[in-house]
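I opened this entry to work out how the chain packs. I kept notes in the sequence I looked things up.

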Amino acid sequence: MSKTAVIILAGTEGHANLGRLVNGLETAKEFAENNDDEVELIFDGAGTQWIPELEDEESDYHELYQSVQDDAAVCDYCTGAFGVDDAVNDAGVVRLDDHDGHPSIRSLVDDGYEVITF
């Protein structure tokens with residue numbers, strides 16, 4: 001059994017960031033498919049900008065996102081900072097704010113999660 005937190009920090013600009021998003025989603029999906037594993041998928045920083053696109057059924061990555069959506073959360077502070085509050089609210093994605101409005105990486109580590117960032 002493993003506990004893994006996949007954190008997507010990559011923004012929506014550029015091919016490299018798209019690659020980071022897809023690799024992060026695929027990694028989360030791999031862990032989610034194993035019932036013995038626990039996975040948290042967290043969109044943080046500029047990564048929160050992906051939520052509107054991933055929620056769009058026309059997006060090339062909508063289906064992949066849907067496969068891990070139940071494990072997804074976003075940084076509460078960053079949704080406002082990157083202008084995606086409404087999209088996150090509409091999507092009903094869980095907001096994390098346990099460390100000054102941000103997800104607590106320390107809490108994840110304390111809970112035994114291995115943290116992987118993309």
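Predicted model: local features only at pLDDT ≥ 70, side-chain atom pairs only at ≥ 80, totals over all residues.

Setting aside residues up to four places away in sequence, I found Leu25 touching Ile8, Leu41, Phe43, Leu54, Leu64, Tyr65 and Val68.

I then looked up the nonpolar cores. A separate, second core has 5 residues, among them Ala5, Ile42, Leu108 and Tyr113. The largest core has 20 residues. Leu25, Leu41, Phe43 and Tyr65 have the most contacts inside it. α1 gives the most, with 4 residues.

That sent me to α1. I checked its length first. Its 18 residues should span 26 Å at 1.5 Å a residue, and the end C-alpha atoms are 26 Å apart, so the two agree. Next I listed its buried residues: Asn17, Leu21, Gly24, Leu25, Thr27, Ala28 and Phe31. They sit on the same side of α1, because they cover an arc of only 160° around the axis. His15 and Glu30 are exposed on the other side of α1. What do the buried residues of α1 pack against? I found β1, β2, α2, α3 and β5 (114-117).

Last, I traced strand pairing. β2 and β3 run parallel, paired over 3 bridges. Leu41 stands opposite Ala72 of β3. β3 also pairs with β4 (residues 94-96), in the parallel sense over 3 bridges. Here I noted Val94 in β4 as the bridge partner of Ala73.

Methods:
Residues numbered from 1 in each chain as written. Heavy atoms only, no water. Core = buried A, V, L, I, M, F, W, Y, C linked by side-chain atoms within 4.5 Å. Buried < 20%, exposed > 50% of the residue type's maximum accessible area, 1.4 Å probe, protein only. Helix = DSSP H or I, 4+ residues; strand = E, 2+ residues; numbered from the N terminus. Contact = heavy atoms within 4.5 Å. Pairing = 2+ DSSP bridges. Expected span 1.5 Å × (residues − 1). Arc of directions from axis to C-beta.
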